[in-house]
Amino acid sequence: MVYKSESFRQTKNFAVQMAKEISTTKFRAKGAVVLTLRGNLGSGKTTFTQGFLKGLGIKKKITSPTFVIQKNYKLKAKGYKLAYHIDCYRIKKSQELLILGIKEIFDNPKNIVLIEWPERISGILPKERIRINFKYGKKENERKVVIG
Ligand SMILES: Nc1ncnc2c1ncn2[C@@H]1O[C@H](COP(=O)(O)OP(=O)(O)O)[C@@H](O)[C@H]1O
Ligand SMILES: [Mg+2]
């Protein structure tokens, strides 16, 4: 599925809707709901995450965890407890995330995990995940959000 966004706002709103759908869908998965967000710098991964967390009911301002690697947010959505926003931009080895306890985060079905730059930790990502790709469009504010 491809969603064409023509503005920052559209990307955000699209993510709000997607979060609402995902958080009300019952998954039979063993672990967390994991969304991997790939795409070049400025393609909209953090913007999407801000919308997504907003759609999960988080009211706090969401800033990029580039320097702290991960931030987490308490959830009120039924069946879920925490949302994690992880930015692997500065990660060189998966080991760095294993130390942070990423395995436990992935194993808990009450977590929703959004990961920017997942290619940096491809070896430890759960196979069952929602893969999202962000691409620049032809026009300045155009982005393509490719799901699956
Ligand atoms: N359609 C769009 N969707 C998302 N962001 C857009 C769009 N058009 C322009 N932008 C701008 O692109 C930038 C996206 O930044 P960000 O979401 O931080 O990207 P990333 O996390 O992928 O590096 C922002 O400055 C935003 O205002
Ligand atoms: Mg980002």
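1. A crossing of two helices is called left-handed if the near helix is turned anticlockwise from the far one by less than a right angle, and right-handed if clockwise; helices (H or I, at least four residues) and strands (E, at least two) are DSSP runs, numbered from the N terminus. By that rule, the crossing of helix 1 and helix 2 is right-handed.

2. This is a predicted model, in which local features need pLDDT of at least 70 and side-chain atom pairs count only at pLDDT 80 or more, while totals for chains, interfaces and linings use all residues. Residues are numbered from 1 along each chain as its sequence is written, and chains are lettered from A and ligands numbered from 1 in the order in which they are written.

3. The chain holds 4 helices and 7 strands, and their order along the sequence is β-α-β-α-β-β-α-α-β-β-β.

4. Helix 1 (residues 8–24) packs against helix 2 (residues 45–55) with the axes 7 Å apart and at an angle of about 40°, where axes are lines fitted to C-alpha atoms, for helices over the stretch in contact, and angles run from 0 to 180 degrees between N-to-C directions. Helix 1 is therefore oblique to helix 2 (angles under 35 degrees count as roughly parallel, over 145 as roughly antiparallel, 65 to 115 as roughly perpendicular and the rest as oblique).

5. Along its principal axes the C-alpha trace of the chain spans about 40 × 35 × 30 Å. Buried residues, meaning those with 20 or more other C-beta atoms, placed from the backbone, within 10 Å of their own, make up 34% of the 148 residues in the chain.

Note on methods
A residue is buried if 20 or more other C-beta atoms lie within 10 Å of its own, exposed if 12 or fewer, and partly exposed in between; C-beta atoms are placed from the backbone.
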